[in-house]
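Please walk through the fold of this protein, moving from the pairing of its strands to the packing of its side chains, with the cut-offs behind each term stated along the way.

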Amino acid sequence: MADAYRSLFLNLDDCATLIASMWPAERILEVGCGDGSFGERLLAHYPDGRYLGIDVAGEPGRLFRGDRARATFQSMTSRELREESPEPFYLVLLVDGLHHVPAPGAA
């Protein structure tokens, strides 16, 4: 159901294909990874890639059905991740998340 709704706005398969055709990556970070749907698609294009998805949601990656040995999901902010001083990422993405950012002056 989530994919059907999301497809009204964004084709995750096409997006993953385009990104993989333009940028090689071994370590991938997705900020605002949500249910993990995009991470699953990305790893299909990066067979040697390792993926970290972070989100402030309680269960990031709950719909991910890919290789869990290459994917990690954490409920945290990007600031918290930066404070951990992780190894550098080759590719950092924010996909399908801006609709959660409140408009200026919105309550």
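Leucine 29 has valine 92, in strand 4, as its bridge partner; strands here are DSSP runs of E with at least two residues, helices are runs of H or I with at least four, and both are numbered from the N terminus. The model is a predicted one, in which local features need pLDDT of at least 70 and side-chain atom pairs count only at pLDDT 80 or more, whereas totals for chains, interfaces and linings use all residues. Residues are numbered from 1 along each chain as its sequence is written, and side-chain values use heavy atoms, with hydrogens and water left out.

Strand 1 (residues 27-31) and strand 4 run parallel and are joined by three bridges, where two strands are said to pair if DSSP finds at least two bridges between them. Strand 1 also pairs with strand 2 in the parallel sense, over five bridges, and arginine 27 stands opposite arginine 50 in strand 2. Taken together, four strands form an open sheet in the order 3-2-1-4, with parallel pairing. Strand 3 and strand 4 stand at the edges with a single partner strand each, so one side of each is left without a neighbour in the sheet. On average, neighbouring strands of this sheet are turned by 15 degrees against each other, direction ignored; the axes are lines fitted to C-alpha atoms, for helices over the stretch in contact, and angles run from 0 to 180 degrees between N-to-C directions.

Around the sheet, the secondary structure comes to four helices and four strands, and from the N terminus on the elements run α-α-β-α-β-β-α-β. Strand 2 (residues 50-55) is largely enclosed by the rest of the structure, because five of its six residues are buried; buried means under 20% relative accessible area, exposed over 50%, and partly exposed in between, with a 1.4 Å probe and protein chains only.

How do the nonpolar side chains gather? In soluble globular proteins, nonpolar side chains tend to be buried together. A nonpolar core is a set of buried Ala, Val, Leu, Ile, Met, Phe, Trp, Tyr and Cys residues joined through side-chain atoms within 4.5 Å, and the largest one here has 18 residues, of which Ile19, Ile28, Phe38, Leu42, Tyr51 and Leu93 touch the most other members. Helix 2 (12-22), helix 3 (37-45), strand 3 (71-75) and strand 4 (91-93) are the elements that give two or more residues to this core, and the largest share, four residues, comes from helix 2. Apart from this core lies another, of six residues, among them Leu29, Leu52, Ile54 and Leu81. Leucine 93 touches Ile19, Ile28, Leu29, Glu30, Val31, Phe38 and Leu42, not counting residues up to four places away in sequence, where contact means heavy atoms within 4.5 Å.

Aspartate 13 has its place in helix 2 and, at 43% relative accessibility, counts as partly exposed. Leaving aside residues up to four places away in sequence, aspartate 13 touches Arg41 and His45; aspartate 13 and arginine 41 are 28 residues apart in sequence and 6.4 Å apart in space, C-alpha to C-alpha. Serine 37, in helix 3, is buried, with a relative accessible area of 4%.
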